[in-house]
Amino acid sequence: MVTTNPQTQNHRIQSVLIVGNYCHDVLLQRGAVVAETLGGAASFISNVLNCLSVSFHLTSKVGLDFKYPVNYNPIVVPTSKTTVFQAYFDLGCSENAHQDRVLRRVEACDPINPSDLPDKRFGFGMAVGVGGEILPETLEKMVEICDTVFVDIQALIRGFENNGTVKVVGLKESGFYHLIPRLKFLKASSEEALFMDVEEVRQWCCVVVTHGTDGCEVFGKDGEMKIGPFGANQIDPTGAGDSFLGGFVGGLVHGLVVPDATLLGNFFGSLTVAQIGLPKFDLRLAQVCCFIFLEMS
């Protein structure tokens, strides 16, 4: 099921562009702060790609108040603060919330403009904004400079109430719908998939829908498949979908076919939910798993 030979351990594959802001994540329960961590899809995805020895360019913006050390320096905006999200784990379900938490954006950094992107071509591009930082014109620029573009639908359909609570708009009303036929992959959670017509969108690009502990489904123009999950002791679901996407793209970069790359994504998602905040991977475990995937035939 693998389309290329395994890469050697020291070989780093280049050509991935990640676009999305770093964030400060604050996790709260019963009114008290449980943890403060580095957040943003870009941080989780870069964490996975590093584990998979895939090199990349990351375009991200933060304010002068950004407080975490990172291996890939963001663009610092002197006149803006770093995006901050608060995740409330005990407010229950609401119409515009995740099943297990309520998210509020309490600070927002500047959006990423087309001029912020590097002037070069990439084999793969990932639009993974979480706080409204991806603009339609920025995604259009990514389509122009990347051979294959992956988009997390939250970058397109997230909006925010006056108090910062995340709300969701329909994909057709997002301002990005005209670009969907130019994408190769669109990833959504099962809750987010309700805000698009999967049957229509799958005619233009591959749709990957994650179902948490139930694995995920892949919808293509000519068929669909269900990929089983890895068992996990869930502690914090933050970033699980981002780690899934990082594993999925990393697998494709290494030459895996879609079903195997999706399974690799499920693996990294399961590792992420078992820790609070940005996960620290057991590199030996991850390398053994990746070796198994790359040796599959």
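# Briefing on the predicted model

Within the protein chain, 64% of the contacts with a separation of 6 or more are accounted for by residues 24 or more positions apart. The model is a predicted one, and its protein chain carries seven helices and 16 strands. Of the 297 residues of this chain, 55% count as buried.

**The four-stranded sheet**

- An open sheet is built from four strands in the order β3-β2-β7-β8, and its pairing is mixed; the edges are formed by β3 (32-39) and β8 (102-107), each of which pairs on one side only.
- Direction ignored, neighbouring strands of this sheet are turned against each other by 25 degrees on average.
- Strand β2, which spans residues 23-29, is mostly covered, with six of its seven residues buried.
- On one pairing, β2 is joined to β3 by seven bridges and the two strands run antiparallel, with Q29 having A32 as its bridge partner in β3.
- In its pairing with β7, β2 runs parallel and is joined by six bridges, and here H24 stands opposite V84 of β7.
- Strand β7 (residues 83-88) is in turn joined to β8 by five bridges in an antiparallel arrangement, where the bridge partner of F85 in β8 is R105.
- In general terms, the strands of a sheet pair through backbone hydrogen bonds, and they do so in either a parallel or an antiparallel manner.

**Turns, loops and positive phi values**

- The strands β2 and β3 form a hairpin with two residues between them, and R30 in the turn has a positive phi of about 55 degrees.
- R30 is a residue other than glycine, which makes its positive phi worth noting, and with a relative accessible area of 72% this arginine is exposed.
- S53 lies in the loop between α1 and β4 (54-59), and although S53 is not a glycine, its phi is positive at about 60 degrees.
- As background to these two cases, most residues other than glycine have a negative phi.
- Although P69 and L38 are 31 residues apart along the chain, their C-alpha atoms are separated by 9.1 Å.

**Two covered helices**

- Helix α1, made up of residues 41-51, has 10 of its 11 residues buried, so it is largely enclosed by the rest of the structure.
- The buried residues of α1 include A42, F44, I45, V48, L49 and C51, along with the polar S43, S46 and N47.
- Helix α5 (residues 240-253) has 14 residues and reaches 20 Å from its first C-alpha to its last, which is close to the 20 Å expected at 1.5 Å a residue.
- α5 is likewise mostly covered, as 13 of its 14 residues are buried.

**Nonpolar cores**

- The largest nonpolar core has 46 residues, and those touching the most other members are V16, I18, I45, M126, F150, F248 and F268.
- Leaving aside residues up to four places away in sequence, I18 touches A42, I45, S46, L49, F56, H57, L58, T59, M126 and V128.
- Among these contacts of I18, the residues A42, I45, S46 and L49 also belong to the buried residues of helix α1.

**Cysteines**

- How many disulfides does a search of the whole structure find? The search returns zero disulfides.
- C109 is in no disulfide, and the nearest cysteine sulfur, which belongs to C23, is 9.0 Å away; C109 is also buried, with a relative accessible area of 9%.
- The sulfur of C216 lies 10.0 Å from the closest cysteine sulfur, in C206, and this distance is too far for a bond, because a disulfide is counted when the two sulfur atoms are within 2.5 Å.
- C216 counts as buried, its relative accessibility being 0%.

Notes:
Residues are numbered from 1 along each chain as its sequence is written. This is a predicted model: local features need pLDDT of at least 70, side-chain atom pairs count only at pLDDT 80 or more; totals for chains, interfaces and linings use all residues. Side-chain values use heavy atoms; hydrogens and water are left out. The expected span of a helix is 1.5 Å times one less than its number of residues. Buried means under 20% relative accessible area, exposed over 50%, partly exposed in between (1.4 Å probe, protein chains only). A nonpolar core is a set of buried Ala, Val, Leu, Ile, Met, Phe, Trp, Tyr and Cys residues joined through side-chain atoms within 4.5 Å. Contact means heavy atoms within 4.5 Å. Two strands pair if DSSP finds at least two bridges between them. Axes are lines fitted to C-alpha atoms, for helices over the stretch in contact, and angles run from 0 to 180 degrees between N-to-C directions.
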